[in-house]
Amino acid sequence: DANVAALGERWKGAGQGADQMIVMTLGTGVGGGIIAKGDILSGANGMAGEIGHFIIDKENGLLCNCGKYGCLETIASATGIVKHALRWAKQNPDSRLAKTAAGEDALSAKDVFQLAKEGDEHAGQIVKQAADALGYTIASLGIFCNPSVVLIGGGVSMAGDFLLDQVKDAFRKYALPRVYDICDINQ
């Protein structure tokens, strides 16, 4: 579905006409589609663009659905954000995060973002970790395919500029200047 999103964004969307582009979809998981020289990059057996399985935390990472530990998906997807929040809440039962998680409804990534926006330090650290992992991944991919456009979509992207600004800061921190000088990160 992320490949189709990338093709659609290139054809009629925010990446219209971009010959070098990455689309990241942040939802239950993390998907990716890469446009290289105007075409979708699929690889030898269709695995190109599986950005969610880029390993970020090889030391302390959570188990991913793919069977590996520390994939981007375990940090920056809605599921990963909630898992990190619940782990924090369990370790800190008096925190706002724990009190929100103990509420009537299940904790959501939206709740974590809302708490972070309200200044909750622990929720803010979880969001910062996700943004840092996304920025690092984009910078790393930037060396390989040098995109002019990176588009971030999916439910998690609904956090808007609060997330996007942190992703851009992390990207600038990790990317080579010639990569970030030409790359526009947007929704």
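The model is predicted, so local features need pLDDT of at least 70 and side-chain atom pairs count only at pLDDT 80 or more, while totals for chains, interfaces and linings use all residues. Residues are numbered from 1 along each chain as its sequence is written, and side-chain values use heavy atoms, with hydrogens and water left out.

Let's start with empty space. Rolling a probe the size of a water molecule over the atoms shows where such space is left. The largest pocket holds about 160 Å³. A pocket here is an open set of points on a 1 Å grid over the protein atoms alone, where a 1.4 Å probe fits, with protein on both sides within 12 Å along at least five of seven lines. Its volume is the space filled by probe spheres set on the points, which are joined across faces, edges and corners. Lining residues, those with an atom within 4 Å of a point, include D1, T25, A48 and E50. Helix 1 (2-12) and strand 2 (30-36) are the elements that give two or more residues to this lining, and strand 2 supplies the largest share, 3 residues. Helices (H or I, at least four residues) and strands (E, at least two) are DSSP runs, numbered from the N terminus. By type, the lining splits into 3 nonpolar, 6 polar and 2 charged residues; Ala, Val, Leu, Ile, Met, Phe, Trp, Tyr, Cys and Pro count as nonpolar, Asp, Glu, Lys and Arg as charged, and the others, Gly among them, as polar.

Next come the charged pairs. Side chains of opposite charge can pair when their charged atoms come close. A search of the whole structure turns up 4 salt bridges, each being a side-chain nitrogen of Lys or Arg within 4 Å of a carboxyl oxygen of Asp or Glu. One of them joins D19 and R10 at 2.6 Å, N to O. Another joins R96 and E118 at 2.5 Å; this pair links distant parts of the chain, with R96 in helix 4 (residues 96-101) and E118 in the loop between helix 5 (109-117) and helix 6, 22 residues apart. D132 and K173 also meet, at 3.1 Å, and they tie helix 6 to helix 7 (residues 161-174) across 41 residues. D132 is partly exposed because its relative accessibility is 22%, whereas K173, at 53%, counts as exposed. The cut-offs are under 20% for buried, over 50% for exposed and in between for partly exposed (1.4 Å probe, protein chains only).

On the surface, I143, F144 and L176 form a nonpolar patch with about 370 Å² of accessible area together. Patch members have over 30% relative accessible area and no salt bridge; like charges are joined within 9 Å and nonpolar side chains (Val, Leu, Ile, Met, Phe, Trp, Tyr) within 5 Å. The areas come from the Shrake-Rupley method with a 1.4 Å probe, and for residues only the protein chains shown count as cover. F144 sits in helix 6 (residues 121-145) and is exposed because its relative accessibility is 70%.

Finally, the backbone. Most residues other than glycine have a negative phi. K37, though not a glycine, has a positive phi of about 55°, and N146 has one of about 45°. K37 lies in the loop between strand 2 and strand 3 (39-40), while N146 is in the loop between helix 6 and strand 4 (149-153).
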